[in-house]
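Reader: I would like to learn how to read strand pairing and disulfides in a model of this kind. Could you take me through them one at a time?

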Amino acid sequence: MFTLAEVASLSDIQPTYRILKPWWDVFMDYLAVVMLMVAIFAGTMQLTKDQVVCLPVLQSTVNSKVQPGTSGKADFPTVETTTGQGEEASMRTVAFESAPTVTPDVFLSRATSSQYQTTESDQELKKEQKDSSGRKTNLDFQQYVFINQMCYHLALPWYSKYFPYLVLIHTIILIVSSNFWFKYPKTCSKIEHFVSILGKCFESPWTTKALSETACEDSEENKQRLTGAQSLPKYVSTSSDEGSPSASTPMITKSGFKFSADKPMIEIPSVTILDKKDGEQAKALFEKVRKFRAHVEDSDLIYKLYVGQTVIKTVKFIFILCYTANFVNTISFEHICNPKVEHLIGYTQFECTHNMAYMLKKLLISYISLICVYGFICLYTLFWLVRIPLKEYSFEKVREESSFSDIPDVKNDFAFLLHMVDQYDQLYSKRFGVFLSEVSENKLRGISLNHEWTYEKLRQHVSRNAQDKQELHLFMLSGVPDAVFDLTDLDVLKLELIPEAKITAKISQMTNLQELHLYHCPAKVEQTAFSFLRDHLRCLHVKFTDVAEIPAWVYLLKTLRELYLIGNLNSENNKMIGLESLRELRHLKILHVKSNLTKIPPNITDVAPHLTKLVIHNDGTKLVVLNSLKKMTNVAELELQNCELERIPHAIFSLSNLQELDLKSNSIRTIEEIISFQHLKRLTCLKLWHNKIVSIPSSITHIKNLESLYLSNNKLETLPAAVFSLQKLRYLDVSFNSIAVIPVEIGLLQNLQHFHITGNKVDILPKQLFKCVKLRTLSLGQNCITSIPDKVSQLLQLTYLELKGNCLDRLPVTLGQCQLLRKSGLIVEDHLFDALPSEVKEVLNQDTSIPFANGI
């Protein structure tokens, strides 16, 4: 027999799972415990007291009057005949043979009553008075035990014998059916994770703080206090309303946790201050909830399993009730037994009493009552399961009661688990909803961010850039720390990979800020912050993947002078290029577009009258349509890099104010059109480097005002004399070509200051080269030069000389006469430098306050 402890272990569910057990499951568990107690009690009673007592049914008194003497001898044997051996045993056998035939249909009670009704003689009364133990049968004790055992199995109904075991088995099945969804592996893991996360969310300090903040926001007292609070200082624009952001502009509104610049929120320290450890735990919970939701919402296995086990319990209840009701009347105190062992005992029928019948009948009635209650609860559970869509859960009530208006509705198993939790306590789902809200998560990130990035830490990250400006670069943060806006002397602010960047009204304190970088950072701004940026920002860099990442307020910065756009403007999603409002940028002077354009967007021409510099880096996509360039009459600098151009575009020749043209990294093979540059009177710099040019036409002489010519990384083999007729040329770069000879005409370039011919095939340096006495930079590396003429001493302004990678065996001693040349500006092999006289090396090693120049 099972013990109570062993059976109770079947329903031993972890205490943490109680939040998933509604009242009906709890009630059914208690009913199952009571049924277990009924089974154990009945089984214990049956093991200790269950037995039947049988007596033979004697012959009727009518037959006994016919042969009174014989009947007397047979019915009243002496005690010795039942206990003796040998002859006494034979006497007992004879007595059985002479025993009267037992009538099967006559009960012992009726035979006895009939006998007493017909017996009136004094002789029989005397015999009864002498036998104080009553009428005796011809059976001894062992025979009674034998008959009792046989009749227990033959006459007693099976339900009376196995009732406790059936109750125990049925109860165990019901217990298993109730808790199977907690044990099944594919649901157990999800339930365990859900209960664990739910408990942590309920106890998290962030939950309490977030809900407390919501209560503070909703309280009338707090609203009055915020209304009377002094607002933050803000920049008041003196411009007109023109250029104000439209309704679609990504400004921070007053809904949810978004703040207004006019009435900033004064936060309660006890609410917003969060320990670093608690903040990290809360952020981890947000990530766990997000992953758990994605894992659970894709199936409804838990729901189906719960419905299935409820159906099984209902079917089990109907089955138990149907067959148990039929056996209630079979449990009786009296039973007739016909063991068919007359040849052993001489009797054919016995009447038996079952001493447990009364108790078992009461227990069975109690068990049926419990089963009925259990079944009605099962039916109610089924009604609850089909009454509402349990695979959908709405946080509408939570959204109405709190500021977390973005809490999403959930579905499938996630929704079902939340419905089950609501049956335990609705507060759990309300607190759990805090971790489903992106607004709540962003608020937590902001608090943690401000706690980590203090003013002192940000000050340590401020550096000086190449333009000697104070610069701060923030990378992959959850937001923009509030302390950033306290760096009032900052000139450049770079925000990279900050998806939830918000620029608040405090930016109006940064009066020195003129340059802003937004790299994959669709920042949102408050109204006051926008007004400040609109009137102060001069340079803006925006790097994006999709054109939608470009903040709409960018197009409204009417005082902006430089705009750098880096991203994809020609994808399927960006057929309508998002530069529709550039016409508002009336002061824009420099536009830099690094993308994959096939044509210059017409919207760029909207700002054409204002542009002085246009840069297009096309990342290898062929730029086909260039007619829009003709409208940019004021452009002074034009760069068309990596646009797969094969010739110089004719539209360029209409740019009368063009001063610098850069066609780097294209596929230009011939530049015969260069003659048309004679109409560009202001052109001073021409960059045709990193192309496939094989020759320079003599018509280049028509560009009279050319001062800088870049022809490096092409396929030039010769330098025509026409190049050296450009008397104003100060910078000439023909590095990394296949030039073998430097023409003697180079001596005509009296204004030449920088000459680069590195990476060619030059073997002899003409003496005329050293007539260019204004040379400051001379790059002759990676050639085949065998000697350097002594006339190098004529280059008194030389500060940089590259000779490394040639076939030199010595350096001229006259290098020491180059007054501005120092060892740092002399690029040559170490052994050649060491071979110089000591006095020359001393001169070259001297310190100088004059910086060397490697460019213009």
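Reader: In which sense do E2 and E3 pair, and over how many bridges?

Author: Strands of a sheet pair through backbone hydrogen bonds, either parallel or antiparallel. Here E2 and E3 pair in the antiparallel sense over four bridges, where two strands count as paired if DSSP finds at least two bridges between them, and where strands (E, at least two residues) and helices (H or I, at least four) are DSSP runs numbered from the N terminus. One of the bridges joins histidine 335 to its partner in E3, cysteine 352. This is a predicted model, in which local features need pLDDT of at least 70 and side-chain atom pairs count only at pLDDT 80 or more, while totals for chains, interfaces and linings use all residues. Residues are numbered from 1 along each chain as its sequence is written, and side-chain values use heavy atoms, with hydrogens and water left out.

Reader: What is the order of the three strands in the open sheet?

Author: The order is E1-E3-E2, with antiparallel pairing. Because E1 and E2 stand at the edges, each with a single partner strand, one side of each is left without a neighbour in the sheet.

Reader: How many disulfides does the structure hold?

Author: A disulfide is a pair of cysteine sulfur atoms within 2.5 Å, and the structure holds two. In one of them, cysteine 54 and cysteine 352 have their sulfur atoms 1.9 Å apart; the link is right-handed, with 110° about the S-S bond. This pair links distant parts of the chain, 298 residues apart, with cysteine 54 in strand E1 (residues 52-56) and cysteine 352 in strand E3 (residues 350-354).

Reader: Why is the disulfide of cysteine 151 and cysteine 337 left-handed?

Author: The torsion about its S-S bond is about -90°, so the disulfide of cysteine 151 and cysteine 337 is left-handed. Cysteine 151 lies in helix H9 (residues 141-154) and cysteine 337 in strand E2 (residues 334-337), so the pair ties together parts that are 186 residues apart in sequence. The sulfur atoms of cysteine 151 and cysteine 337 are 2.1 Å apart. With the bonded cysteines of the protein chain numbered in sequence order, the pairing is 1-4, 2-3.

Reader: Are cysteine 54 and cysteine 352 buried or exposed?

Author: Buried means under 20% relative accessible area, exposed over 50%, and partly exposed in between, with a 1.4 Å probe and protein chains only. Both cysteine 54 and cysteine 352 are buried, and both cysteine 151 and cysteine 337 are buried too.
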